[in-house]
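User: I am new to this structure. Please take a close look at one part for me.

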Amino acid sequence: MEAHDKAVAAVASRVRHFFGKKQPFRIYHGSTNSTRASQRRRDNTVDTSSLNRVLDVDVSKNTALVEPNVPMDALVAATLKAGLVPLVVMEFPGITVGGGFSGTSGESSSFRYGAFDTTINWIEIVLPNGEVTKASRTTNEKTDLFWGAASAFGTLGVITLLEVQLREAKPYVRLTYSLYGDAARANASIREEIAKEPVDYVDGIMFSKDCTVVCSGRLTDRLPEGTKPQRFTRSRDPWFYIHVRRLQKRLRSGPSTEVTEFIPLVDYLFRYDRGGFWVAMYSFRYFITPFNRVTRFILDPLMHTRTMYRALHQSGLSDNYLVQDVGIPHDKVSEFIDWLHNTLHIYPLWLCPLRFVRDTPNARHGLHSDFADLDPQSEAGWLMNFGIWGPGSFNRREFVQQNRLLELKVQELGGKKWLYAHAYYTEAEFWAHYDRGSYDALRAKYGAGWLQSVYDKVKVDTEAEERELRKWVPWLLALFWSIWPLKGIYGVLMALLGGDYLLKTADQVQMLKEE
């Protein structure tokens with residue numbers, strides 16, 4: 001804890017520096033799984049990248065004491081040594097504990113445990129004035145701050161430590177794949193699965209409107225005799241998405257209605273890392289590269305999500321591909337599927353049932369305060385997460401309109417959009433969707449009014465983009481980068497050089513200006 005306390009003291013000192021000038025700052029974590037472009041510079045940053053250790057795993061309490069920049073794969077590796085695993089593990093190994101807490105992350109166990117933030121017992125946080133304090137999920141120790149900080153993207157303070165809940169781990173996941181030709185039936189099947197007590201993990205892949213595979217998993221101690229485990233993390237293994245696609249073809253043509261496999265736990269938890277679900281498939285199309293077993297094997301080092309995110313940021317191609325997650329009430333799922341099919345026609349889609357209730361006392365705080373009003377026993381507390389990831393229009397105005405239509409439809413259906421991705425709401429639309437009253441009250445109480453708001457942090461300023469493009473130099477640059485395949489090549493090169501290459505260059509330019 002001595003090293004931790006020293007690092008936190010440095011963070012607090014830096015926050016006090018900005019507090020004295022009332023200068024909003026950015027938090028540098030060392031990596032990101034957001035699709036938003038970084039606006040970090042040397043002169044506006046609180047660097048928390050050194051807070052990246054698992055400090056303790058307590059077997060008696062089933063908890064881990066974790067700094068915010070610990071990625072999921074490091075957390076799982078540490079807890080498995082003690083025979084434990086987090087209740088919710090995000091599917092990309094590079095997603096951090098702090099990112100999961102601040103950004104409403106969920107996964108295939110969230111139908112039982114809720115979003116990742118509901119599996120945290122307490123946080124240590126540096127307030128906007130530099131004071132270091134604790135906030136708890138269930139006690140009266142700043143519970144309002146705890147729930148306000150969840151999903152606030154660092155706009156209430158800087159989180160420096162979290163206590164994560166754990167459960168007993170087992171070596172394998174017994175995963176059953178079931179095929180459904182009707183979206184309504186697939187949705188009903190998912191609801192049936194999450195009602196079964198022994199089920200630990202549930203999600204699905206919708207390959208088309210009339211083809212969905214539901215995956216239902218149970219932790220298990222051993223392999224049946226004569227059974228080989230199915231792996232997904234090695235370069236010679238199939239991408240999980242491709243493996244499921246092959247199984248659905250087999251199920252369509254054969255007499256069996258389901259297939260069961262046994263998957264090592266770590267391979268299951270990070271099954272979508274290689275290929276980034278299926279998003280990496282589009283890079284093969286972009287570079288006109290054959291998409292087959294051989295090319296996937298050769299290019300495997302580039303096909304992991306950490307590298308893919310760096311390439312996405314550096315290339316700017318996130319401005320042309322929809323990468324959105326939205327939660328839809330169960331009774332509106334069929335209507336939303338029809339709308340997606342007719343409006344965007346993007347497949348595959350990821351389906352993941354999420355339990356979004358806060359069944360703890362005094363939880364009605366922050367952006368998602370309405371979750372505290374939901375009955376844990378009713379269907380109102382469940383949302384179906386849709387992962388909508390695919391190519392959009394390469395015309396910027398049309399691309400923005402596609403995202404706007406998606407946001408408005410989700411709002412119309414009473415759903416939620418997760419804010420790790422591009423947000424195109426007007427300010428009025430955004431605050432009609434989230435609880436501004438509770439959020440602003442917390443900002444006032446804890447002195448965070450001088451920091452950027454969540455809206456300011458996540459919005460895409462399309463008006464500023466339009467103004468910039470009216471200037472001839474940005475216009476020429478935009479024209480240059482529109483030439484295929486310059487963006488993609490540049491993104492790959494920068495990803496290979498390292499995610500911070502451009503940022504370091506920008507810092508050097510800033511230093512020269514100051515000198």
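User: Where is Lys 142 found?

Analyst: First, the ground rules. This is a predicted model, where local features need pLDDT of at least 70, side-chain atom pairs count only at pLDDT 80 or more, and totals for chains, interfaces and linings use all residues. Residues are numbered from 1 along each chain as its sequence is written, and side-chain values use heavy atoms, with hydrogens and water left out.

Lys 142 sits in the loop between strand S7 (132-136) and helix H5 (143-149). Helices (H or I, at least four residues) and strands (E, at least two) are DSSP runs, numbered from the N terminus.

Now the backbone. Lys 142 is not a glycine, yet its phi is positive, at about 50°. Most residues other than glycine have a negative phi, and most peptide bonds are trans. As for cover, Lys 142 is partly exposed, with a relative accessible area of 29%. Here buried means under 20% relative accessible area, exposed over 50%, and partly exposed in between (1.4 Å probe, protein chains only).

Asn 62 also has a positive phi, of about 55°, and is not a glycine. Its loop runs between strand S3 (54-58) and strand S4 (63-66). Asn 62 counts as partly exposed because its relative accessibility is 28%.

One more backbone feature is worth a look. The peptide bond from Tyr 347 to Pro 348 is cis, with omega near 0°. Pro 348 lies in the loop between helix H12 (333-343) and strand S14 (349-355).
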